[in-house]
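Work through these exercises with the model open beside you. Try each task before you read its solution.

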Amino acid sequence: HAGRNQLADEDQFLQIGGMKDNLVGAFTWRATQELPMTGSVEGDRFYSQARDYIGSGLLETGEISYRIRTGYPDYTFRLVGEHGGYGASGSADSLISQLEPAALQPALASDFIPQSYTQYGLYFGFGNDLLNQYTHAWRPFLDVGIVHNSIQGWGPDVSVGLAGSVFGGDHLALYFEHQSVSRLGTPQTVVGMRYNWFY
């Protein structure tokens, strides 16, 4: 798929004061019922909110899973990896430069483009699809991993939650996520609720 003026969540400066155009290709291949594989390639061009070009990036991701069981609880091992390569070949205009403290002026395009990185991790969990997938019965899900980032080093990644139906034709998921190593460069904790009503 392709997008224009999309949310740029690659770093905090871009998320607040920038946007991106992107082109994404993704694939899914189920070699066997127990062995699915996915991957994607995303090319980005980053802009300020005034649509002045700042830089570009290429993000490549891949995942191989092995399911010990195919029914719930579907115990799963996952090996994931991603590489983000970024370059600041544009310039910082006066609008996005306002995000930098006065002491760091004049701002450079490289101040707003993330660093290139490589990240990989190994995960174990069950019920990973329940955050989005309908289940009538209330069921817990878990995904725990150890992740290495070329900039930040090693750290844990945890996702745990509970999902089920409230009225029969709906789906409610309550979840907690914590990631100490991330592409944004700071630890992240999310407590959330997702509700879907099917009609």
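**Exercise 1. The whole chain**

What share of the contacts in the protein with a separation of 6 or more comes from residues 24 or more positions apart? Then describe the overall fold pattern.

Solution. Start with the ground rules. This is a predicted model: local features need pLDDT of at least 70, side-chain atom pairs count only at pLDDT 80 or more, and totals for chains, interfaces and linings use all residues. Residues are numbered from 1 along each chain as its sequence is written, and side-chain values use heavy atoms, with hydrogens and water left out.

Step 1. Residues 24 or more positions apart account for 51% of those contacts with a separation of 6 or more. A contact means heavy atoms within 4.5 Å.

Step 2. The protein has 10 strands and two helices. Both kinds are DSSP runs numbered from the N terminus: helices (H or I) have at least four residues, strands (E) at least two. Their order along the sequence is β-α-β-β-β-β-α-β-β-β-β-β.

Step 3. The C-alpha trace spans about 55 × 35 × 30 Å along its principal axes. Of the 199 residues, 37% are buried. Buried means under 20% relative accessible area, exposed over 50%, and partly exposed in between (1.4 Å probe, protein chains only).

**Exercise 2. Strand pairing**

In which sense do E5 and E6 pair, and over how many bridges?

Solution. Two strands pair if DSSP finds at least two bridges between them.

Step 1. E5 and strand E6 (residues 117-126) are antiparallel, with nine bridges. Glu82 stands opposite Gln119 in E6.

Step 2. E6 and E7 also run antiparallel, joined by eight bridges. Here Tyr123 has Gly145 in E7 as its bridge partner.

**Exercise 3. Salt bridges around Arg78**

Which residues form salt bridges with Arg78? Say where each one sits.

Solution. A salt bridge is a side-chain nitrogen of Lys or Arg within 4 Å of a carboxyl oxygen of Asp or Glu. By this rule there are eight.

Step 1. Arg78 bonds in this way with Glu63, the closest N and O atoms being 3.0 Å apart. Arg78 is in strand E5 (residues 76-87) and Glu63 in strand E4 (residues 53-67), so the pair ties together parts 15 residues apart in sequence.

Step 2. Asp143 forms a salt bridge with Arg78 too, with the closest N and O atoms 2.4 Å apart. Asp143 lies in strand E7 (residues 139-149) and Arg78 in strand E5, so this pair ties together parts 65 residues apart in sequence.

Step 3. Arg78 is buried because its relative accessibility is 13%. Asp143 is buried, with a relative accessible area of 13%. Glu63, at 24%, is partly exposed.

**Exercise 4. A network**

Which residues do salt bridges with shared partners join into one network?

Solution. Step 1. Asp44 is in strand E3 (residues 35-48) and Lys20 in strand E2 (residues 18-32), 24 residues apart. Both Asp44 and Lys20 are buried.

Step 1. The network holds Glu10, Lys20, Glu42 and Asp44.

**Exercise 5. A residue in a helix**

Is Ser97 buried or exposed? Where does Ser97 lie?

Solution. Ser97 lies in helix H2 (residues 94-97). Its relative accessible area is 9%, so Ser97 is buried. Leaving aside neighbours within four places in sequence, Ser97 is in contact with Ala92, Gln105, Ala107 and Phe112.
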